[in-house]
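Here is a guided look at a structure that may be new to you. Keep the 3D view open and follow along, one topic at a time.

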Amino acid sequence: MTGGEVVLRLEKITKRFGDLVANDEVTLELRRGELLALLGENGAGKTTLMNILFGHYTADSGQVSVFGRPLPPGQPRAAIEAGIGMVHQHFALANNLSVLENVIAGTESILRPRSDRAHARAKLAGIAERFGLTVDPDARVGELSVGERQRVEILKALYRDARILILDEPTAVLTHQEAERLYRTLRGMAAKGLSLIFISHKLHEVLAAADRVTVLRGGKVVAERPAAGTSRDELAELMIGRRVARPVRDQRAPGPVVMTADGVDVVGGGVKRLSGISFTLRAGETLGIIGVAGNGQAFLGELVSGLARPGAGRFELLGEAVTAPGPRRFVAAGVGRVPEDRNANGAVAEMTVWENAVLERIRERRFSVAGLVKRAAGRAFARTVVERFDVRGGGPDTPIRLLSGGNMQKLILGRSLETAPRILIAAQPTRGLDEGAVVAIHAEILAARRAGTAVLLISEDLDEILELADRVQAIVKGRLSPDIPIEEADPRRLGLMMAGLWNETTDAA
Amino acid sequence: MIAESIVNISAAVISASTPLLFVAAGELVVERSGVLNLGVEGMMLMGAVAGFAVTLTTGSPILGIVAAAAAGAVMALAFAVLTLTLMANQVATGLALTIFGIGLSALLGSGFVGQPVPALPKLHLAGLSELPVIGPVLFGQDALVYLSVILTGGVAWFLKRTRPGMMLRAIGESAASAHSLGLPVIRVRYLATLFGGAAAGLGGAFLSLSYTPMWMEGMTSGRGWIALALVVFGSWRPWRVLAGAYLFGGVTILQLHAQGAFHLPAQVFSMAPYLATIAVLTIISAGPWRGRFNAPADLGKPFRPSV
């Protein structure tokens with residue numbers, strides 16, 4: 001497919017924001033019928049580059065040409081007319097309108113007395129048919145699943161006669177099955193002559209879906225590879241700029257039981273959020289809880305951190321039934337936590353790194369005596385965490401809000417692990433982090449497990465679960481599936497479990 | 001002659017600033033814990049009437065001052081129960097508290113209007129008050145003036161150095177994070193609110209026992225609102241709040257002197273401190289300082305822990 005004509009060419013694009021060079025003489029070509037992956041860590045300049053292409057930003061120097069003609073800079077309208085369509089990570093759809101209305105919105109003059117629905121409907125049906133993007137044109141967008149909404153976004157671009165399609169992190173919000181389906185669709189679109197660029201930092205997707213991979217690092221193109229001629233390790237190294245050894249989970253015999261739930265309900269806001277969940281967590285093992293976001297993970301995270309009261313059923317922490325929970329009690333019992341939303345539940349943005357490091361343990365004698373904070377001890381503790389867990393971007397007295405997401409997460413994980421917790425609750429520990437930070441976090445979680453910590457890993461990332469967990473349960477609509485050993489788990493079976501079909505899979509097994 | 005009037009004016013400025021400082025230092029603690037209590041004017045009036053009544057009937061200004069702090073704290077307790085336990089809206093409850101305080105203090109104080117009470121004795125610190133100029137200004141004030149400065153320093157030290165102070169700051173910035181880290185959000189907010197009420201009560205007592213030793217309906221005349229603005233003006237930092245309080249005290253005294261010098265209606269000058277409040281708030285919220293406001297992130301947001 002790489003023999004087609006060049007449809008899009010970016011030449012020596014440079015863009016500065018103050019002192020930061022977001023794009024440094026980036027040159028890129030896209031051919032007809034090609035599916036190109038733009039790979040890079042957060043902050044590598046991928047989104048900036050695509051925003052320049054689409055006219056949201058103006059480059060400081062360089063030239064964009066589409067179908068051989070230069071594109072005037074800074075005009076999204078011109079980009080659309082030249083045949084470029086963009087599907088953003090965050091959808092721009094009106095939930096109260098139908099699919100058809102969303103698709104035609106903005107394509108007709110506002111002064112036109114009535115819109116030509118019949119014509120629009122026929123055109124949309126034609127596009128949907130041709131590219132296999134089936135969506136009911138009369139469905140309300142608010143009632144569609146995330147995957148379907150994304151299809152509407154793609155249809156919107158195609159309806160405007162896009163021949164070049166840019167997708168920004170298209171699978172960030174999708175389940176494994178939806179992502180696979182999306183990539184089949186994208187490949188089909190490329191085969192029918194469209195040209196596509198998708199932005200990603202997920203290596204396996206890039207390898208599975210793209211024809212060619214362009215790797216950006218620090219605003220520069222560092223490599224271009226045909227997807228067939230590269231490997232996951234090579235891409236990771238190119239993307240991060242150094243060799244990364246992916247941590248390996250070794251076999252271990254689990255220790256004693258530290259936490260159990262047996263038929264536990266959790267009620268929140270008068271609604272049953274978790275119903276009859278059961279699990280057992282042992283020292284020195286990782287229990288993975290896989291599930292699509294919004295299926296009760298937040299409430300499970302609260303239950304196991306002492307932030308929610310168990311209703312019916314029995315919930316035990318270190319062999320004792322929990323009837324009066326409380327975060328303080330759980331912390332004292334040795335429960336460390338990486339909360340799902342680190343900004344809302346983990347860190348106090350305006351306070352410094354050292355204050356955030358010790359807040360959870362401020363009542364302990366080593367951090368305060370007679371009501372006075374031992375600031376030197378707090379700073380020393382923070383310095384230890386910063387060094388051991390390689391937190392970059394600031395020292396003990398930096399406000400924590402100035403750290404990047406990955407570094408903030410390392411600090412939150414580090415402040416728990418530094419005290420050798422008996423149980424570690426890790427809820428979506430690597431969501432939104434780039435590859436370098438993911439590897440670091442995974443290595444620390446595995447090291448904690450090796451040291452005998454029981455790890456409860458709540459995640460929606462199949463790779464993360466497969467890499468870290470010893471046993472897996474799926475969470476679906478507030479219920480937990482029975483557990484399966486990781487040896488029996490593969491993406492397909494986990495996908496079915498995440499869809500709530502665990503009875504069928506156990507029958508089949 | 002000139003030296004003498006400088007001494008007099010300076011002493012008067014300090015005196016006019018003290019009630020503002022009490023109230024603002026208290027409200028600062030309340031707001032740093034994430035609670036917005038707009039009932040300061042009401043709490044101040046209750047402190048003023050309680051302090052006056054108890055001093056007059058017992059003859060003991062110390063008992064009066066204690067009663068004033070207690071009256072402010074009781075008002076604050078009502079606010080805390082409504083907003084922190086019953087989750088009522090903080091702005092609406094605070095406004096109601098002000099109106100309630102105005103009415104209740106007028107009712108309780110109706111028998112005391114026009115009665116004289118001996119002003120608080122000036123403390124003459126050994127030898128220091130004999131110093132020229134500085135002596136009478138800085139060292140010839142009554143005990144409440146010193147207390148207000150000590151209180152401000154104490155608040156600064158408390159927030160920075162103590163464990164409860166650190167917890168309080170965390171709770172004001174992010175109640176949800178603080179709660180999940182095991183900090184007692186509601187208890188700390190209760191205590192902070194009570195402290196703010198007691199401080200407002202002291203500010204009121206200073207008015208009715210020292211500044212103008214008598215009771216008059218609505219005698220705070222908006223000082224509670226100025227104190228609220230001062231907390232913003234001081235960007236929630238104690239020493240800046242102190243500087244703001246003295247600045248506004250200065251404006252209050254200067255306008256009194258200006259009334260003699262210019263032939264304009266007295267009301268025009270009486271407006272000065274309030275106009276200054278509006279001007280300062282406008283400048284700091286629109287000027288280049290914008291964004292470095294430092295307001296506690298969870299200020300005024302209700303929080304109900306799940307367990």
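## Where the two chains meet

In this predicted model, the contact between the chains draws 20 residues from chain B and 28 residues from chain A. On the chain B side, the elements that give two or more residues are α7 and α8 of chain B. The biggest giver there is α7(B), with 7 residues. Sorted by class, the side of chain B that touches chain A has 9 nonpolar, 7 polar and 4 charged residues.

Helix α7 of chain B runs over residues 163–173 and is mostly covered, with 9 of its 11 residues buried. Among the buried ones are B:Gly165, B:Met166, B:Arg169 and B:Glu173. What does the covering of these buried residues include? From chain A there are α12 (353–358) and β18 (372–373).

## Chain A as a whole

Now for chain A, which has 18 helices and 23 strands. Its radius of gyration is 25 Å, close to the 23 Å that the globule rule gives for 509 residues, so chain A is as compact as a globular protein of that length. Along the principal axes, the C-alpha atoms fill a box of roughly 70 × 55 × 50 Å.

Buried residues make up 46% of the 509 in chain A. If you take the contacts in this chain with a separation of 6 or more, 69% of them join residues 24 or more positions apart.

## Domains of chain A

Chain A is divided into domain 1 (1–83 + 163–244), domain 2 (88–161) and domain 3 (257–343 + 412–508). The C-alpha centres of domain 1 and domain 3 of chain A lie 35 Å apart. Their contact takes 11 residues from domain 1 and 10 residues from domain 3.

On the domain 1 side of this contact, α6 and α8 (232–240) of chain A each supply at least two residues. The largest share, 3 residues, comes from α8(A). By class, this side of domain 1 has 4 nonpolar, 6 polar and 1 charged residues.

## A sheet of four strands

Next, find the open sheet of 4 strands in chain A, ordered β2-β1-β4-β5 with antiparallel pairing. Its edge strands are β2 (20–31) and β5 (69–70) of chain A, each pairing on one side only. Strands β1 (residues 6–17) and β4 (residues 61–66) of chain A pair over 5 bridges, and here A:Thr14 stands opposite A:Ser61.

Helix α1 (residues 46–53) of chain A packs on this sheet, where it touches β1, β2 and β4 of chain A. The direction of α1(A) makes about 115 degrees with that of β1(A).

## A sheet of six strands

Another open sheet in chain A has 6 strands in the order β6-β7-β8-β3-β9-β10, with mixed pairing. At the edges stand β6 (84–87) and β10 (220–226) of chain A, each with a single partner strand, so one side of each is left without a neighbour in the sheet. Neighbouring strands are turned by 20 degrees against each other on average, direction ignored.

Zoom in on β9 (residues 212–217) of chain A and you'll see that this strand pairs with β10(A) in the antiparallel sense over 6 bridges. One facing pair to look for is A:Val215 and A:Ala223. As for helices, α1(A) turns up here too, lying across β3, β6, β7, β8 and β9 of chain A and running at about 145 degrees to β7(A). Helix α5 (residues 146–159) of chain A packs on the sheet as well, touching β6 and β7 of chain A, and its direction makes about 165 degrees with that of β6(A).

## A hairpin and a buried methionine

Two last stops in chain A. Strands β11 (residues 257–268) and β12 (residues 271–282) of chain A pair in the antiparallel sense over 8 bridges. They form a hairpin with 2 residues between them, and A:Gly269 in the turn has a positive phi of about 60 degrees. The bridge partner of A:Val267 is A:Lys272.

Is A:Met189 buried or exposed? This residue sits in helix α6 (residues 176–191) of chain A. A:Met189 has 21 other C-beta atoms within 10 Å, so it counts as buried. Leaving aside neighbours within four places in sequence, A:Met189 is in contact with A:Phe131, A:Leu194 and A:Leu196.

Technical notes:
Residues numbered from 1 in each chain as written. Chains lettered and ligands numbered in written order. Predicted model: local features only at pLDDT ≥ 70, side-chain atom pairs only at ≥ 80, totals over all residues. Pairing = 2+ DSSP bridges. Buried ≥ 20, exposed ≤ 12 C-beta atoms within 10 Å, placed from the backbone. Contact = placed C-beta atoms within 7 Å. Domains from an automatic or database assignment. Nonpolar A, V, L, I, M, F, W, Y, C, P; charged D, E, K, R; others polar. Axes fitted to C-alpha atoms, helices over the stretch in contact; angles between N-to-C directions. Rg over C-alpha atoms; globule rule 2.2 N^0.38 Å.
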